[in-house]
Amino acid sequence: MAGLPRARSRTGLLDPVASQVETTLFRALTVLRFVVAAYVVVLNALRWREFDHPVAGWVVVGVVVVWSVVAAWAYDAPRRRGLPLLTADLLVSALTLLSTPYVQSDAMLERHASTMPSFWVMTSVLAWAVARGWLAGVLTALLMSALDVSVRTDLNGTTWGNIFLLVLAAGVVGYSTGLIREATEARAEAERVAAMMAERARLARAVHDGVLQVLALVQRRGGELGGEAAEIGRLAGEQEVALRALVQGDAVADARASGPRASGRRDVVEALSSLASRTVTFSAPAGEVLLPGPVVEELRAVVRACLDNVSRHVGAEAPAWVLVEQVAGDVVVTVRDDGPGIGPGRLDEARHEGRLGVSESICGRMADLGGSARLVTAPRQGTEWELRVPGSRP
């Protein structure tokens, strides 16, 4: 629900976007705090001769001014906006309010004069609303209102009107804060997607002007030379087609996945079924298998890397099988082939040679997802990848 506090990191701090919004709101609240504190000073300067205890009255006014300065400094740093500061802010407001019967004379209390801190108490209530959401703001407003009632000798329409306005302000400010956070985060996400697409377009142009042209040249020259060069040319042609499809086709798919849909849940079966072909057999449950959009895209990239390895190391016409299952709440994708398998130590050797297809494209991606990639292979017994992703994700 809008208006509730955003999730915090393990350090207890809000994410950067939410923290920036909160900082702006607290600085606006600081301005209000100083304005109302100045009102308190002027108000009590005009009536201090009516006090039963004038010295105590000026002490209360001093506390209001000093705490306004301290609070302005404390709330300006996100790391200090925790429960201790909010509680201290509320406690100072409560104590200044409760000092009213002691400081003011009976005549002032009977004519329903403003309390010692007057409207200044609302700043601590609004601080709770900004930091903890509308519900916390309303609850603190009700608490402050109960304290206000406790220092009155009688109640009139002004008292109930002030209580209503305080509760209303706390609720509106807390709810609006949540809406502003969500709008700011949505804008930041849109800017991130736009920047990503611009960079992707730039890289696509660079690839088209460089790599694709070189691959096309190798294919043409290999065909002209014949022999082993022709085979190299054929492989270059296949890679040109695959790279062109990646730049032109998957760029669109990745852009869509990075938009609003990425924050929702997607069907793993639908995403992986597009990898089926004449040589790739795809099997999956009849229903949907849902995971967050970004997780599905990364899982699809891992499966595609596994199939690329089959085509590269076993053969372009080598059959492969992709199976999607749900096991004990997890999503398990198995990619299998009937090739010659991977010999002992071959993966370590490839890693030392700087070829990081398995360690990064497969194992690294799965580790980033919080999942696992298990390889089962032996010489002349094929290769099987078991890719497991936790299914219970928000």
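Predicted model: local features only at pLDDT ≥ 70, side-chain atom pairs only at ≥ 80, totals over all residues.
Residues are numbered from 1 along each chain as its sequence is written, and side-chain values use heavy atoms, with hydrogens and water left out.

The protein has a mean pLDDT (the predictor's confidence in each residue, from 0 to 100) of 82, and 81% of its residues reach 70 or more. Over residues 1–13, pLDDT stays under 50; the model has 30 contacts (heavy atoms within 4.5 Å) beyond four places in sequence for this stretch. Residues 250–263 also have pLDDT under 50, with 22 such contacts.

Helices are DSSP runs of H or I, at least four residues, numbered from the N terminus. The axes of helix α6 (residues 122–132) and helix α7 (residues 134–150) come within 7 Å and cross at roughly 160°, the axes being lines fitted to C-alpha atoms over the stretch in contact, with angles from 0 to 180 degrees between N-to-C directions. The two helices, α6 and α7, are therefore roughly antiparallel to each other. Ser124, Val125, Trp128, Ala129 and Arg132 of α6 make the contact with Trp134, Ala136, Gly137, Thr140, Ala141 and Met144 of α7.

Two aromatic pairs are found in the whole structure (ring centres of Phe, Tyr or Trp, the last by its six-membered ring, within 6.5 Å). Phe26 and Tyr75 form a stacked pair, 4.7 Å centre to centre with 10° between the planes, where stacked denotes planes under 30 degrees apart. This pair links distant parts of the chain, 49 residues apart: Phe26 lies in helix α1 (residues 16–47) and Tyr75 in helix α2 (residues 54–75).

How values were computed:
Parallel < 35°, antiparallel > 145°, perpendicular 65-115°, else oblique. Phe/Tyr/Trp six-rings, centres within 6.5 Å; stacked < 30°, edge-to-face > 60°.
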